[in-house]
Protein chains: 2
Amino acid sequence: MLNLTEKIKIKLYLISDASGETVTTIAKAIAAQFEEQIEMTEYLWPLVRSKNTVNDILSEIEPNSNSIVLYTMLDVKLRLYLEKKCKSIGVLAIFALENVINELANFANVEIKHGGIPGKYKKLDANYYKRIDILNFTLQHDDGHDFKDVNEADILILGVSRTSKSPTSLYLAQRGYKVANLPIINGIEANLSDIKKPVLIGLTISAEILSQIRSNRLNSYNLNVNKEVDNYTEIENIKAELSYALEIFRKNKIPIIDVSRKAIEEVAAEIINIYAAKKGEYKILL
Amino acid sequence: MLNLTEKIKIKLYLISDASGETVTTIAKAIAAQFEEQIEMTEYLWPLVRSKNTVNDILSEIEPNSNSIVLYTMLDVKLRLYLEKKCKSIGVLAIFALENVINELANFANVEIKHGGIPGKYKKLDANYYKRIDILNFTLQHDDGHDFKDVNEADILILGVSRTSKSPTSLYLAQRGYKVANLPIINGIEANLSDIKKPVLIGLTISAEILSQIRSNRLNSYNLNVNKEVDNYTEIENIKAELSYALEIFRKNKIPIIDVSRKAIEEVAAEIINIYAAKKGEYKILL
């Protein structure tokens with residue numbers, strides 16, 4: 001639907017008592033949803049744990065303006081203070097976790113603590129070490145650097161250069177999956193016969209987009225364009241590379257994901273679903 | 001406050017029309033908050049975009065049980081279908097974004113689209129390339145592997161081995177910061193005089209915890225314990241290493257964060273605050 005009217009401009013102030021990850025993730029989901037109607041500018045304040053800091057923030061917000069405070073602070077006293085202060089300057093405050101916390105507390109018939117616990121993450125427990133181990137494993141097995149304990153991986157991602165193997169691997173690692181990734185290089189046979197445990201995933205992309213990505217990349221590194229660089233971006237070579245990779249994927253019955261115009265999160269979601277279909281589980285690291 | 005009563009056991013079914021990142025992040029915040037009162041077991045279904053998939057999921061949930069469906073699906077028809085089905089089997093469904101979406105739509109006086117846009121991420125736009133570039137930069141500048149364009153980094157993290165430099169760097173990269181990190185090795189002088197742009201951060205940790213982390217790490221790699229390995233974990237050596245690092249931090253006036261018993265997100269939040277104090281901005285990548 002074409003929207004010819006002007007977008008509404010809103011300043012979104014994100015306030016968190018911890019890292020701001022939750023409030024930023026929620027803002028991202030919301031901003032994408034309203035992007036045709038609202039033009040949002042976001043500002044972030046993490047680690048807000050005192051009335052003084054709340055005062056500092058509010059002194060920077062224009063009263064009665066198109067501003068919204070979206071927050072995840074859990075301390076009930078601080079929340080009430082923030083709400084009151086926002087009201088007094090005519091600015092809407094939204095507690096991002098309100099309905100989830102209320103409905104859950106009602107359901108379980110538990111009390112919402114007076115002083116919610118700010119920045120309450122699981123600390124130095126088994127899950128913490130697991131998280132770090134998964135990230136380190138994924139880092140170590142990035143881009144085929146280390147291949148010896150690849151059978152410890154949950155997922156092995158294959159693809160030619162610049163098909164976003166590394167960012168996808170790291171995103172999946174943050175979500176709890178041990179990932180290795182291996183570049184497919186034209187003419188070099190990947191020996192996949194010993195790989196038993198990991199679920200294999202092949203990434204492909206349109207030759208035109210890959211060429212564009214590689215040009216961008218070279219520009220951002222200020223490399224001199226010489227013969228080698230020409231080959232790297234040249235479209236016919238890219239097509240040959242991609243065909244070679246597709247041939248390997250088909251020969252080894254590897255499911256293929258086309259990453260053209262997809263965000264990392266979307267590619268990761270498809271990989272997670274393929275993994276779950278094969279292993280019968282989703283991994284969750286809370 | 002000591003809680004001697006038994007915890008309430010709840011099964012939490014997380015349903016998303018996209019990667020499940022938002023709903024998992026919200027579940028994490030909530031689970032931590034209620035962990036003294038509720039023992040939660042989480043199950044995840046990403047990429048849920050049809051009534052058939054909703055039916056499949058609900059067939060796995062025990063009716064009238066201590067189960068909650070927490071979801072971020074945006075398609076209004078699918079949401080109503082899920083809510084109706086959950087009601088019919090006596091299971092509570094919570095739309096995690098409800099109050100934020102409603103309040104925002106009211107405020108801006110915009111319509112909530114009938115068919116919300118599932119998995120709506122920013123695609124192949126400037127932000128996408130920026131995100132990938134930041135991650136690649138951070139990967140390339142991990143553990144001092146590449147140091148030549150370190151002045152392009154926003155943040156340079158320093159610390160002895162196993163002070164979680166890599167996971168912290170990657171977490172910060174996901175949040176929009178270009179990060180390099182450099183190990184401090186006892187007796188080797190780090191030449192920091194040419195570093196202009198990045199904000200320097202020194203990580204330290206208690207010797208006891210570092211020793212424990214290193215032992216865990218060696219065990220998980222099944223390394224044989226020999227003389228070299230002994231030195232790696234031995235507490236006196238660790239103390240000497242940490243003192244050496246602290247001396248470098250002090251000499252170069254580098255702010256120090258003690259990461260003992262802190263989650264990556266907490267350390268990252270402190271780094272983000274130090275960065276913002278020096279540069280006058282928080283980076284936000286939506």
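**A friendly note on helix packing in chains A and B**

1. Let's start where two helices meet. Helix H6 (residues 165-174) of chain A and helix H6 (residues 165-174) of chain B have axes that come within 11 Å and cross at roughly 105°. Here an axis is a line fitted to C-alpha atoms, for helices over the stretch in contact, and angles run from 0 to 180 degrees between N-to-C directions. H6(A) is therefore roughly perpendicular to H6(B) (65 to 115 degrees; under 35 is roughly parallel, over 145 roughly antiparallel, and the rest oblique). The contact (heavy atoms within 4.5 Å) involves Leu170(A), Tyr171(A) and Gln174(A) from H6(A), and Leu170(B), Tyr171(B) and Gln174(B) from H6(B). These residues divide into four nonpolar, two polar and no charged (Ala, Val, Leu, Ile, Met, Phe, Trp, Tyr, Cys and Pro count as nonpolar, Asp, Glu, Lys and Arg as charged, and the others, Gly among them, as polar).

2. A word on how to read this. The model is predicted: local features need pLDDT of at least 70 and side-chain atom pairs 80 or more, while totals for chains, interfaces and linings use all residues. Residues are numbered from 1 along each chain as its sequence is written, chains are lettered from A and ligands numbered from 1 in the order in which they are written, and side-chain values use heavy atoms, leaving out hydrogens and water.

3. Now for a pair inside chain B. Helix H2 (residues 51-58) of chain B packs against helix H3 (residues 76-88) of chain B at an angle of about 25°, with axes 10 Å apart, so H2(B) and H3(B) are roughly parallel. On the H2(B) side you will find Lys51(B), Val54(B), Asn55(B) and Leu58(B), which meet Leu78(B), Tyr81(B), Leu82(B), Lys85(B) and Cys86(B) of H3(B). That contact has six nonpolar, one polar and two charged residues.

4. Have a look at Asn99(B) too, which sits in helix H4 (residues 98-108) of chain B. Is Asn99(B) buried or exposed? Asn99(B) is buried, with a relative accessible area of 9% (buried means under 20%, exposed over 50%, partly exposed in between, with a 1.4 Å probe and protein chains only). The Asn99(B) side chain reaches the backbone oxygen of Phe95(A) at 2.6 Å. Among the residues that Asn99(B) touches are Ile94(A), Ala96(A), Glu98(A) and Asn99(A).

5. Finally, chain A as a whole. Chain A holds 10 helices and eight strands (DSSP runs numbered from the N terminus: helices are H or I with at least four residues, strands E with at least two). Of its 286 residues, 55% count as buried.

Definitions and conventions. A polar contact is a pair of N or O atoms within 3.5 Å; within protein, one must be able to donate a hydrogen and the other to accept it, and residues adjacent in sequence count only if both atoms are side-chain atoms. Lists of a residue's contacts leave out its neighbours within four places in sequence.
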